[in-house]
Amino acid sequence: MRTETVLLIILAALAAILVALFQYFFRKKERAKLSIYLAILRFLGVFGILLLLVNPQFSKSSFTIENPVLNVLVDNSASVKNNENEIKSILSKLDNAVGLKDRFSINHYVFGEDVEPMDSLSFTDKLTNIHLPISNVNEAFRRKQGAMLLISDGNQNVGRDYTYTTGKNKAIYTVTVGDTTAYRDLALGSIITNTYAFLNNKFPLETYVRYQGSGEITTKIDVKIGNTIVFSDNLKLSESKNFQTINTLVDASSVGLKRILVTASVLPSERNVINNTRETTVEVIDEKTNVGIVSEVLHPDLGAFKKAIESNEQRKVYVLKPNSPTNELEEIDIFFLYEPSRSFNSIFQYIKNKKSNYLIITGVNTDFSFLNQVQDDFEVELGYPAQEVFGRLNVGFSNFDISDFDTDIFPPLTSDAGPLVFNSPFDVLMDSEIKGVNINSPMLSVFENDSWKKGLWVGTDIWRWRAQTYRNTGNFSNFDSFLGTLVRYLSGSAKKERLNLEYNSLYEGSNAAIITATYFDKAYLFDPNAILNITLTHLESGRSTSRSMAIKNGYYEADLSDLAPGDYEFLVEVVGEEIAKKGSFVISDFDLEKQFVSSDYKKMALLAGNTGGSSYFPDQVDVLINDLGANNNYVPIQKSVENIVSLIDYRILLAIIILAFTLEWFLRKYNGLI
């Protein structure tokens, strides 16, 4: 207790004595014995109040011994299942090392894809992330002295490369389990390709092959769709050239979900052949689109449109008259209305009734008065002369990609349309420019009402643009690709659906097999009270199972991690509603944990060296225990904790004060004192 506090307590006691003496002894009293009792009570009350004001405190120091921590991280993935006894023997030696337990505070953790305190070892985790447990445990114990012990085969298949852990963290000691013998091994990497492909088109496929071993080898790479080999190549690999990329284009010759199998031939001495095969899927869809060009005039633009659109074999162009019979119109997916006049009235009525997507192309023969009457999306100001109009792309257009198309050196189009007034939301794809001045009137624009897509192209002589493309590049592909993209956009449908599914067509192993769904009520608000059931059918065995989808935060989910590899079809139904959707997927017999045949002791040693630790093998555990016990960097630390404690409990003191003043008041009243 500080000297100042002691002096204040003495002064408080003197002040309380003076108050008591003044009250009961410096005045004349009839009962001397009673005055002594009253003076004592008055002293206690006043002294207690003054003590509360002084609040005397003293410091109390306690000393503790803190041992350094030793965090033991144990690999719990399937890749070390064969080394279960070896790992348990290592842990048993560590637990029975008395000197180690006396020196360290030991914590045990297990890890696979994630890390958690060790309760038991199952060796069932499907993925291995070594960097994550190192990082998380270091962060949790960053203020404590100690070391880390990693027991693993060193094979990691997800996460950041753990060898880049530096000495800023605690020293890491490693014990590498498993077979450290380096065997010759070929491994295929993941396959990169499109999710969808269009019928009769080609789609890219890319993968790589990696060789581990010495000497030069030759391997054959086959790409199969079903039982048909669509690509084959012989590769030469060696210790110095141990990696090669495979690129090819594959024909999409039929519609449906296609299983693609890439295989590398097995080496004579190869032990691990599971990683010689990788699988993926591509869904081939029929993009067949019928485009009807409706015109009552002959113009080179019609031929340019037909050639450009039909450059994609999935599209067919029909040139129609405005009075074409209805049965011919039924086959059309998109209408190109070229210079419409009053004879187009029946076509517009058909389009309006069917809500068919269309593109209007206007020119000097267009009846703008009729066009303003027959639709409500825009109005064209009349009475302007024919003039040359240049098109300039709108770089802010984002409905689809037009970055590869350029109109800067294209010739002008011909138009006599006045300024446009739009009555519906629209997006400008191309602006109009006359004599170098942007007239703020779109040349090409698109707009849509719900799923009904429409377009307006102001200007004719578009054939000149296709011809200019050929002059610039030696082919028509740039213009044809641009027009094809526009047709694809106009042929698309953005119709709202109440039930939507999200899933992959291929799952590499069942651990990642998840199907999610969103379901909306009639007002298109998410309905969290619906019941969604999913029925799964294994195509090879024909067995079907049903289960409910779990409600999550804004969606429904079906976890399919318990399914066996194979081809599946599924149906998602909303209970009580006539709403359902079906799909299909493949679960391949692929396991990342089986992609390695040997332990990676080199990376484990590199990790230990980068962090100031040491690397060991299972038969060197006793050496590890001795090294940790003799290392002077890990010694117990004495810590002192100073606590400031109040000398008197204020609640007890308050009770004494109240009791003293109460007794004094009672005695004074009882004895008739004022």
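**Figure 1. Helices H3 and H13 cross with a right-handed sense.** The crossing of H3 and H13 is right-handed, a term used where the near helix is turned clockwise from the far one by less than a right angle, anticlockwise being left-handed. This is a predicted model, in which local features need pLDDT of at least 70 and side-chain atom pairs count only at pLDDT 80 or more, while totals for chains, interfaces and linings use all residues. Residues are numbered from 1 along each chain as its sequence is written, and side-chain values use heavy atoms, with hydrogens and water left out. The axes of helix H3 (residues 84-96) and helix H13 (residues 621-630) come within 10 Å and cross at roughly 35 degrees; axes are lines fitted to C-alpha atoms, for helices over the stretch in contact, and angles run from 0 to 180 degrees between N-to-C directions. Helices (H or I, at least four residues) and strands (E, at least two) are DSSP runs, numbered from the N terminus. From H3, Ile-90, Lys-93 and Leu-94 meet Val-621, Asp-622 and Ile-625 of H13, where contact means heavy atoms within 4.5 Å. The residues of this contact of H3 with H13 divide into four nonpolar, no polar and two charged; Ala, Val, Leu, Ile, Met, Phe, Trp, Tyr, Cys and Pro count as nonpolar, Asp, Glu, Lys and Arg as charged, and the others, Gly among them, as polar.

**Figure 2. The buried residues of helix H5 pack against strands and a helix.** In helix H5 (residues 131-140), the buried residues are His-131, Pro-133, Ile-134, Val-137 and Asn-138; buried means under 20% relative accessible area, exposed over 50%, and partly exposed in between, with a 1.4 Å probe and protein chains only. Their packing partners are strand S2 (69-75), strand S3 (105-111), strand S4 (115-117), strand S5 (146-152), strand S6 (171-176) and helix H12 (601-611). The loop between S4 and H5 holds Phe-123, which has a positive phi of about 55 degrees although it is not a glycine. Phe-123 counts as buried because its relative accessibility is 3%.

**Figure 3. Aromatic pairs include Phe-405 with Phe-410 and Phe-570 with Phe-585.** A search of the whole structure finds 27 aromatic pairs, where rings of Phe, Tyr and Trp (its six-membered ring) pair if their centres lie within 6.5 Å, and planes under 30 degrees apart count as stacked, over 60 as edge-to-face and the rest as tilted. One of them joins Phe-405 and Phe-410 in an edge-to-face arrangement, at 5.6 Å centre to centre and with 80 degrees between the planes; both Phe-405 and Phe-410 are buried. The rings of Phe-570 and Phe-585 form a tilted pair, because their centres are 5.8 Å apart and their planes stand at 40 degrees. Phe-570 lies in strand S34 (residues 566-574) and Phe-585 in strand S35 (residues 580-588), so this pair ties together parts that are 15 residues apart in sequence. Both Phe-570 and Phe-585 are buried. Ring pairs also link Phe-305, Phe-336, Phe-405, Phe-410, Trp-457, Trp-465, Phe-479 and Phe-482 into a cluster.

**Figure 4. Lys-454 lies over the ring of Trp-452, and Arg-466 over the ring of Phe-476.** A charge sits over a ring if NZ of Lys or CZ of Arg is within 6 Å of the ring centre and within 35 degrees of the ring normal. Lys-454 lies over the face of Trp-452, at 3.9 Å from the ring centre, while the charged end of Arg-466 sits 4.0 Å from the centre of the ring of Phe-476. The loop between strand S26 (452-458) and helix H10 (463-473) contains Asp-461. Although Asp-461 is not a glycine, its phi is positive, at about 70 degrees, and Asp-461 counts as buried because its relative accessibility is 11%.

**Figure 5. Thr-280 is a buried residue of strand S15.** Thr-280 is found in strand S15 (residues 277-285) and is buried, with a relative accessible area of 11%. Leaving aside neighbours within four places in sequence, Thr-280 is in contact with Ile-191, Thr-193, Lys-258, Arg-259, Ile-260 and Leu-506. Thr-280 and Ile-260 are 20 residues apart in sequence and 5.3 Å apart in space, C-alpha to C-alpha.
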